[in-house]
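Here are a few notes to read alongside the structure. Take the points one at a time and find each residue as you go.

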Amino acid sequence: DFGVKAYAVEEDNLQQHRFNTLIYSGLYNSRTGINNTNVFSTADGSITVSLSPNNGSVQKLYAYNTNLTIFQENKVSKALIDKDAIYSAEGAGTPVTSAKVVIGQIVPYGGEFGISTNPESWAQYGFRQYFADRFRNAVLRLSRDGITEISRYGLTDFFRDTFSTITSNQQQNTITFSYLAD
């Protein structure tokens, strides 16, 4: 009576909450009017990338150029977007070629820092990203040379005292950092 049905009913429709997994959808192109952001096609291959659950949930993603920065509660990582580097056998770190994938290999930055559960602490200036790790009482800078704990330069006590007053349930309490350029 109704013709072809464009959906299938799953008998075991189980919902999963994956706090450490990225899933990507179809393309969005404003120039051509293509909007497939609600299409999650498993026919195109694996559409999920999982990170270590030991590092907590994914709190923030920041994409720039062809790189993706992934902020988890206890770790910050980077991934290539739309390419995956294949390195030479010598392991010199120089890519020989690249294969086309949506999210490439995920490489964690050195150090035991994350963004805690405060993605609102993130800010960007030039090529640098600034964020706070409330769990470790640290304010951090992520730049091309990795993560630097900038709060240890004379402000360790101040941030330890300030971060200790913030609870996980406080939505209204935010910390503002001012950057003064010379």
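1. Let us begin with a term: a helix here is a DSSP run of H or I with at least four residues, and helices are numbered from the N terminus. Please keep in mind that you are looking at a predicted model. Helix H1 covers residues 156-164 and holds both Phe 159 and Phe 163. These two residues are four apart, about one turn of the helix.

2. How are the rings of Phe 159 and Phe 163 arranged? Their centres lie 5.7 Å apart and their planes meet at 25°, so the pair counts as stacked. Phe 159 is buried, and Phe 163 is buried too.

3. Now turn to the strands. An open sheet is built from four of them, in the order S5-S6-S7-S10, with antiparallel pairing. At its edges are strand S5 (58-64) and strand S10 (103-108), each of which pairs on one side only. On average, neighbouring strands of this sheet are turned by 20° against each other, direction ignored.

4. You can follow one of these pairings in detail. Strand S7 (residues 76-81) runs antiparallel to S10, and four bridges join the two. Ile 81 has Ile 103 in S10 as its bridge partner.

5. Back to aromatic rings: the whole structure contains five aromatic pairs. One of them, Tyr 62 with Trp 122, is tilted, with 4.8 Å from centre to centre and 45° between the planes. Tyr 62 belongs to strand S5, while Trp 122 sits in the loop between S10 and strand S11 (123-125), so this pair ties together parts that are 60 residues apart in sequence. Both Tyr 62 and Trp 122 are buried. Together with Tyr 64, they form one aromatic cluster.

6. Charges also sit over rings here. The charged end of Lys 60 is over the ring of Trp 122, 4.3 Å from its centre. Likewise, Arg 144 places its charged end over the ring of Phe 127, at 3.8 Å from the ring centre.

7. Finally, a look at the backbone. Most residues other than glycine have a negative phi. Asn 65, however, has a positive phi near 50°. Asn 65 is found in the loop between S5 and strand S6 (67-72). Is Asn 65 buried or exposed? Its relative accessible area is 72%, so Asn 65 is exposed.

8. Asn 137 also has a positive phi, of about 55°, although it is not a glycine. Asn 137 lies in the loop between strand S12 (128-133) and strand S13 (138-143). With 25% relative accessibility, Asn 137 counts as partly exposed.

Definitions and conventions: Residues numbered from 1 in each chain as written. Predicted model: local features only at pLDDT ≥ 70, side-chain atom pairs only at ≥ 80, totals over all residues. Heavy atoms only, no water. Pairing = 2+ DSSP bridges. Axes fitted to C-alpha atoms, helices over the stretch in contact; angles between N-to-C directions. Phe/Tyr/Trp six-rings, centres within 6.5 Å; stacked < 30°, edge-to-face > 60°. Buried < 20%, exposed > 50% of the residue type's maximum accessible area, 1.4 Å probe, protein only. Lys NZ or Arg CZ within 6 Å of the ring centre and 35° of its normal.
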